[in-house]
Amino acid sequence: MIFRGKKVKKLISLIGIVSLVMVTSAMSVFAAERIVIKVPTWGLPEGKDYYKVADTLDIGAAQSLYNVTLYQMLNPNVKIEHMTWDMWSAEAGQKLLAALAAGTAPAFYYTGHIGGQQYAITEGFCADITDYVQDAKDKIVWSVWQDAWRGDRCYGLPAAGMYSRPLAYRVDWFRNAGIFDKKGEPAPSENWTWEDFRNIATKITDPKKKHWGIGIAIGWFWHEVLMSYGVQYMIPDPTGKYTWRGNLNCPESVATGQFIHDLVFKDKCALTGTEFWYGENNNAFKSGKTGMLVGINSTHVTSVNHWKALPEIAEEMRAGKPYQDVVAKYVRLMYPPCLPNSGRYTRNSSRANLFAVNPLMSKEQIEATTDWILWNRQGKGKTWGFINRYLRGLVPYPQVILAYEVDTAGLPPVENYYPENYVKWERKFSSIPRPPSQSTFGLKCSRENEFFSVLDGPQSASISIPDANMKKILDEANKRVNTTVFNYKEKGITSENFKAYYNALKDFMEKNWPDFYKNYWMKIYERDYLPAFK
Amino acid sequence: MKEKARKESQKRKSRLAKIFMSPAILIQFFFGWLPIGMAFAVCLFHYHVLKPEEYVGLANFQDLFADPLTFQVIKNTFIYTGMSLAIFLLPVIVSILLMEMNKSTIRIMMYLWFFPIASTASIVIWKWMYNTEYGLLNSILMSLGLPTLRWLNDPRLVIFCLILPGILMYGPSLIYLATIQSIPDELYEAAELEGAGFWSKVWHITLPRMRPVLAMMLLLSIIGSMSVFSQPWILTHGGPNNASMMVVMRIVNLAIYNMRYGKGTALAIILFAILMVIIIIQRKYFKEDIDR
């Protein structure tokens, strides 16, 4: 017998043990080296089925698979697993919080639904990724990235595209109502005021045709008007007993409420109601019921499909006319109005959605996830994303404005695909300077969500109660805020933080909006901010 | 020996009963009693998802009692419940009137009544029916030459508007019909021989026989109305100016959207206490026993 000799037996045992040790150590080394990150996907199947979608000739899925494969080849120690994830729906926030509590959240997520980036940082929902983004500093647009920072630490990255909130208006309605700018174009003037806006809204309203000048979605419109006054919703507590005080009953806020109330009940030029929210407002414009739309997300209007619901546009596009020509005939973009003699002041600069990296992962996973986001949105991965979306024909061009510096050489110019007016306004919006972020000065508010929910009451009163006394309603709301929401002190915030931030804001306003600063803002600074650190 | 065997058998049966009951008890414990118990603890904390909770004592309750909105949502909920209870009587009356019909008609009526309970989706339709500018209800009023109403935008009308869909979505008439049908015919026949009319039969036979079911349904109706959520959430989001904000909606707003878990739970405890008081009063004064 071959295995009878003692030496042979020993040799076989030795080989067996050595092989076992080698296999085990190889496995453990392999396991240790493969860093698994669960990347969220939306709109694609889950698990193994995900890999079958490539057979369906879905370019999006194929491109996504290509990106994963390419990234894993470039980074053999990283394994990317897909996780179907609801990133954008209204319930996304609740699902994410439950997943975070259960430890099953994906590698990164959008923070807008969990109280915003600042709240997410305060609550520990965002990993500190400062060490992994050093090389990307020059390649990301700072104005849209700054909200992801607190002090000198970074807690997030922007999604690929930037967006702004322009005002969309019906060109044909303006033409029919005889509203033209200095060049004779059917448009408001670039420095139009809220009073001009009100006159135009009244002019284009026609109850017989069921045409309203403007749709007012609770919250959005209020924000747009109030921000043009240059005030903030919350101000530092001048006594120092608490951190924040509500500013809901400041004269500008009362004027905003009264202005909206007048549009609805005096001028009767607004389509609105307690059941009229952001979606209803967009739909009212897209179905030809309203002539102006305040606060449209500019990334939406860049989709070929977005305006197709308008019967006039649908008809001409069916006849084969090019998108950019048809859309330009009916819907154009514009700055929202401003205050008289304020210069062209607006806070409506471009912004971007922010992604946070899951802090419950290991250090290696956090690093790999950050690298994946940067690569996929800025490196080779993004270039493939461009081509995919372009080929699918869903978007004539992926984004007019991008948060990352990306090499787009070889792709057709934007102007080939967008109406001239859209490109012009997107570029104008992207050039609007963004004020300094509170978070970079260490300021935060842990109860911002609760605070804004108090504002719902006055906002809905302004559009639904004919004899509403806006001053009284806002006084009561502000009292509620101060006694039940802002009755606490944030840890780590001193008057020095306030001083540094509001003085930076002062310098910013003086430099970028000198007329507005002189005529309006300086008084607000002295009234609302200065008493806290004088 | 026999006694021992009987005791053994009883023990075995008792053990089996415990085994069969244990899944239900465990489910009840983990998804019913434990969350209630935890709520009493959570309301004393400022709770976070990932960070350690902070003990705040009764501060959450203090915040709630300092907030006029707390009293307003409780008042709104009581008004809604009061109006809902009026509707509670409607299916009882209809069911009693159906009593005299033949069985096939009753069956058709049962289908018709149950049909509109499509789900909360039907509430969305009401949102458009109430629309002041192009809603169905105002179109009808206009075609009749009547002044239009502001429906959901009128703080005086809004709670009534929330009740209205409930009339069509109300399904308990099935339970009342089943109860009425279970009353022995002999009782009515005997009453008819004695010369009893329709209302006499209703008063002396039908209503007393329905009492246990009415008691239970009244209780469920109060609990259901006090915890109303979907109608105001879908139709008004609590507006105008919180005129239709209900207790449960406020709890959801606080705990889910404002992420004030402790404060939201504290309000839930207050609702729990109110309901307990109502239940105790109802159990004490509404006799269920048919023969008492």
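Two strands are taken to pair if DSSP finds at least two bridges between them. In the predicted model described here, two bridges join β6(A) to strand β14 (residues 354-357) of chain A, and the two run antiparallel. Within this pairing, A:L157 is set opposite A:F355 of β14(A). The pair belongs to an open sheet of three strands in chain A, ordered β3-β14-β6 and paired in the antiparallel sense. The edges of that sheet are formed by β3 (108-110) and β6 (157-158) of chain A, each of which pairs on one side only.

A:Y169 takes part in both pairings: its bridge partner in β12(A) is A:M292, while in β13(A) A:Y169 faces A:R332.

At the level of the whole chain, chain A comprises 21 helices and 14 strands. Of its 534 residues, 55% are buried. Contacts in chain A between residues at least 6 apart in sequence join residues at least 24 apart in 74% of cases. The accessible surface of chain A amounts to about 23,700 Å², with 55% belonging to carbon and sulfur atoms. The mean pLDDT of chain A is 85, and 84% of its residues reach 70 or more. The pLDDT falls below 50 over residues 394-398 of chain A, although this stretch has 21 contacts in the model beyond near neighbours in sequence.

Chain B contains 13 helices and two strands, and 41% of its 292 residues count as buried. Among contacts in chain B with a separation of 6 or more, residues 24 or more positions apart account for 67%. Chain B exposes about 16,500 Å², of which carbon and sulfur atoms supply 70%.

A nonpolar patch on the surface is formed by B:M21, B:I25, B:L26, B:I27, B:F29, B:F30, B:F31, B:W33, B:L34 and B:M38, which together have about 1,000 Å² of accessible area. The C-alpha atoms of B:M38 and B:L141 are 51 Å apart in space, and the two residues are separated by 103 residues in sequence. In chain A, A:N67 is placed in helix α3 (residues 59-74) and is buried, with a relative accessibility of 2%. A:N67 and A:S437 are 370 residues apart in sequence and 34 Å apart in space, C-alpha to C-alpha.

Side chains of opposite charge can pair when their charged atoms come close. Over all chains, the structure holds 25 salt bridges. One of them connects the chains: A:R480 forms a salt bridge with B:D67, with the closest N and O atoms 2.7 Å apart. A:R480 lies in helix α19 (residues 470-485) of chain A, whereas B:D67 is in the loop between α2 (59-66) and α3 (68-98) of chain B, so the pair joins two chains. Both partners are buried, A:R480 at 9% relative accessibility and B:D67 with a relative accessible area of 0%.

Other salt bridges lie within a single helix. In chain A, the side chains of A:E195 and A:R198 meet at 4.0 Å, N to O. These two residues are three apart in helix α8 (residues 194-203) of chain A, about one turn of the helix. A:E195 is partly exposed at 42% relative accessibility, whereas A:R198 is buried, with a relative accessible area of 14%. In chain B, B:R6 forms a salt bridge with B:E3, the closest N and O atoms being 3.0 Å apart. B:R6 and B:E3 both belong to helix α1 of chain B and are three residues apart, about one turn of the helix. B:R6 is partly exposed, with a relative accessible area of 42%, and B:E3 is partly exposed at 42% relative accessibility. In chain A, salt bridges with shared partners connect A:E195, A:R198, A:D262 and A:D267 into one network.

Definitions and conventions: Residues are numbered from 1 along each chain as its sequence is written. Chains are lettered from A and ligands numbered from 1 in the order in which they are written. This is a predicted model: local features need pLDDT of at least 70, side-chain atom pairs count only at pLDDT 80 or more; totals for chains, interfaces and linings use all residues. Side-chain values use heavy atoms; hydrogens and water are left out. Helices (H or I, at least four residues) and strands (E, at least two) are DSSP runs, numbered from the N terminus. pLDDT is the predictor's confidence in each residue, from 0 to 100. Contact means heavy atoms within 4.5 Å. Patches are made of residues with over 30% relative accessible area and no salt bridge: like charges are joined within 9 Å, nonpolar side chains (Val, Leu, Ile, Met, Phe, Trp, Tyr) within 5 Å. Accessible areas come from the Shrake-Rupley method with a 1.4 Å probe; for residues, only the protein chains shown count as cover. Buried means under 20% relative accessible area, exposed over 50%, partly exposed in between (1.4 Å probe, protein chains only).
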